[in-house]
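Visitor: I would like to learn how to read a protein model feature by feature. Could we begin with helices and work inwards from there?

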Amino acid sequence: MLAIPASKCLSGLGDTSSMLGCMVSQNMCTEEAGKSDIISLEQYRVAATSINEPSETGQRCLLQYCQQLRHFAPRFVGLEAQLKLTFTWNDAFGINVKASSSSFYFDFACCVWNLAAFESLMGAKLDRTSEDGLRAANRHFQHAAGYIDYIRTNIFPHMPPLGQFPCLSEDGLNMVKELMLAQAQLCFYEKAVQDKKKGTMKSPIVAKLAKQTSVFYHNTSVACKVGVLGSMLDSSWFAVTDFQCKCFQGAAEYWQAHASKEAALATGTGYGEE
């Protein structure tokens, strides 16, 4: 299983005096209340951006800072030039690329990206040989896909252009969402295969699950080759997802062949179709 790589924050919040002045001049709050809000924001940000490994504490810190950004980001749209803040993050795909912006929405997107990354890593590390492990892995991958979709729907439209920054490009977001959906679907497939061995699952259903897994991997592999990803993403991403696509195409045909044979044995017609 593949995990979404995390992005690393390369800067602090910086000089917040301009931010305070902006808040007061725009009648957002009093100077005293603004100072208190900024101190809280800085504390939440330091906690959120210092997380390197997934944990309940780390997830909580990221979620708390993201909740703050949901409040702050809309208030400063169009005022970025007055803020004189610079948020700098590196690209998550291990490419020697970084981006800087004064937009809180950029900082917001990077933190939500890391929530998705940590969810995917927890899912990838789980033992999927048990039913509980499969359910937990599936849940983590679906949560990761949900976070990426949240960026696309609620944050990306408000972000300024970042230039060559693959992970937060439209292509990058689409690729990792499709990958997480593929791996969540793979968990459904593995559970269906286990149930088939127990005699509680029908071959046509297993075939359909394998086919849909193949579709998600196909979408992922195609996304690896388009736009900014096509020229900057490491080729191993395409190689792995394309291989998985072909594997599950084969699995879908295998289980459909089983279904055809079972139908022939049950009806006495259709022999050889498999």
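Guide: Gladly. The expected span of a helix is 1.5 Å times one less than its number of residues. Helices here are DSSP runs of H or I with at least four residues, strands are E runs of at least two, and both are numbered from the N terminus. This is a predicted model, where local features need pLDDT of at least 70 and side-chain atom pairs pLDDT 80 or more, while totals for chains, interfaces and linings use all residues. Residues are numbered from 1 along each chain as its sequence is written, and side-chain values use heavy atoms, leaving out hydrogens and water.

Visitor: How many residues does H7 have, and what does it reach from its first C-alpha to its last?

Guide: H7 has 29 residues and reaches 43 Å, close to the expected 42 Å. Just after H7, Gly-199 adopts a positive phi of about 85°.

Visitor: What is the pattern along the sequence?

Guide: The protein has ten helices and two strands, in the order α-α-α-α-β-β-α-α-α-α-α-α. Its C-alpha atoms fill a box of roughly 85 × 35 × 30 Å along the principal axes.

Visitor: How do I read burial, and what percentage of the residues count as buried?

Guide: Buried means under 20% relative accessible area, exposed over 50%, and partly exposed in between, with a 1.4 Å probe and protein chains only. Of the 274 residues, 46% count as buried.

Visitor: Which residues touch the most other members of the largest nonpolar core?

Guide: A nonpolar core joins buried Ala, Val, Leu, Ile, Met, Phe, Trp, Tyr and Cys residues through side-chain atoms within 4.5 Å. The largest one has 85 residues, and Met-19, Phe-93, Phe-104, Phe-106, Trp-113 and Leu-168 touch the most other members. Helix H5 (residues 104–125) supplies the largest share of this core, 13 residues.

Visitor: What is Met-19 in contact with?

Guide: Contact means heavy atoms within 4.5 Å. Beyond neighbours within four places in sequence, Met-19 contacts Ile-38, Leu-41, Phe-72, Phe-76, Leu-83, Leu-85 and Phe-104. Met-19 is one of the buried residues of helix H1 (residues 17–25), and the cover over those residues includes helices H2 (31–49), H3 (56–72), H4 (80–83) and H5.

Visitor: How many salt bridges are there?

Guide: A salt bridge is a side-chain nitrogen of Lys or Arg within 4 Å of a carboxyl oxygen of Asp or Glu. The count comes to six. In one of them, Arg-45 meets Asp-107 at 2.7 Å, N to O. That pair links distant parts of the chain, with Arg-45 in helix H2 and Asp-107 in helix H5, 62 residues apart. Arg-45 counts as buried because its relative accessibility is 3%, and Asp-107 is buried too, at 0%.

Visitor: Where are Arg-128 and Glu-190, which form another salt bridge?

Guide: The closest N and O atoms of Arg-128 and Glu-190 are 2.8 Å apart. Arg-128 lies in the loop between H5 and H6, and Glu-190 in helix H7, 62 residues away. Arg-128 is partly exposed at 22% relative accessibility, and Glu-190 is partly exposed with a relative accessible area of 22%.

Visitor: What separates Arg-135 and Glu-131 in helix H6?

Guide: An α-helix has 3.6 residues a turn, so residues three or four places apart point the same way. Arg-135 and Glu-131 are four residues apart, about one helical turn, and their side chains form a salt bridge at 2.7 Å, N to O.
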